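Dear colleague,

I am passing on the structure below, and my notes on its side chains follow it.

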Amino acid sequence: MSELPPPAERTLADVEDGLHMPLEDAILTQRAVRRLLPDPVDDAIVLRCIELALKAPTGSNGQNWEFVVVKDGEAKAGLARRYREAWRIYGGLGRWATRQDPPARRMLDAVQWQVDHLEEIPVLVVACLRGGRLPFVPLPPVGESSYYGSIYPSVQNLLLAARAMGLGAALITLPLWSTTAVRRQLGLPLTVTPCAVVPLGWPRGRYGPTTRKPVGQVVHLDRYGNRPWLGDATASARD
Ligand SMILES: Cc1cc2nc3c(=O)[nH]c(=O)nc-3n(C[C@H](O)[C@H](O)[C@H](O)COP(=O)(O)O)c2cc1C
């Protein structure tokens, strides 16, 4: 593979070939990459990631998504403030809960890095949903699931596209804890709900592999509790 230009000079043409990587490699190595360089990311690369995100399904093919690409320092600082507010509580609880779990602690350290540096990350993509839901009216679980289910497949596509083109990315939601504050910050109308943020940048660290449960542990046949593949060596060997 030819040598890539330095991060700040990379164009879409330099990284687009990465999209041809085997699907399994992309899936197996995509992970939350939180420590990112401050170097800019070419707009064309960001748009290509979002373009591929848009190939995902939505309920009734409504395509009721909107993506706000946040590059402005003040807007990023606003989201960073919200992240810090949420993390003060969530991170504190997490540190207590993981005091005897070094791997989980390492993950919290990575989150702490991201919380401390969010403004310096070059691009924050805020994935939103338009309409389809009355504010403050609770839906039955399947309604909530169908509503938010119209954004997360696109976010996963975005994460995979970013990984394939060598970008670091993660799906995060804590900066959105106050929908009102985020709406005000980004000028979102009441009919548009921010759902997830994907910070994008060139990675300081490495991609996967990730640690996940063996498939046999979480798959049930016909009826919950019937797990014939539990302990199946072929089903658990890959992680
Ligand atoms: C709905 C959702 C919300 C998340 N919110 C955050 C967040 O606010 N901050 C964060 O650092 N990671 C967040 N994550 C990322 C998870 O912590 C991460 O996907 C998980 O630890 C697995 O990481 P890995 O792929 O590197 O193994 C979120 C993930 C999901 C699916």
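Is Tyr147 buried or exposed? With a relative accessible area of 6%, Tyr147 is buried, a term that stands for under 20% relative accessible area, with exposed for over 50% and partly exposed in between (1.4 Å probe, protein chains only).

Please bear in mind that this is a predicted model, in which local features need pLDDT of at least 70 and side-chain atom pairs count only at pLDDT 80 or more, while totals for chains, interfaces and linings use all residues. Residues are numbered from 1 along each chain as its sequence is written, and side-chain values use heavy atoms, leaving out hydrogens and water.

The structure holds three aromatic pairs (rings of Phe, Tyr and Trp, the last by its six-membered ring, with centres within 6.5 Å; planes under 30 degrees apart are stacked, over 60 edge-to-face and the rest tilted). One of them is the tilted pair of Trp65 and Phe67, whose ring centres are 6.4 Å apart with the planes at 45°, and both of these residues are buried. Tyr147 and Tyr148 form an edge-to-face pair, at 4.9 Å centre to centre and 80° between the planes; Tyr148, at 26% relative accessibility, counts as partly exposed.

Two arginines sit over rings (CZ of Arg, or NZ of Lys, within 6 Å of the ring centre and within 35 degrees of the ring normal): Arg99 lies over the face of Trp96 at 4.2 Å from the ring centre, and Arg163 over that of Tyr207 at 3.9 Å.

The side chain of Lys76 reaches the backbone oxygen of Ile121 at 2.8 Å.

Best regards

Key. A polar contact is a pair of N or O atoms within 3.5 Å; within protein, one must be able to donate a hydrogen and the other to accept it, and residues adjacent in sequence count only if both atoms are side-chain atoms.
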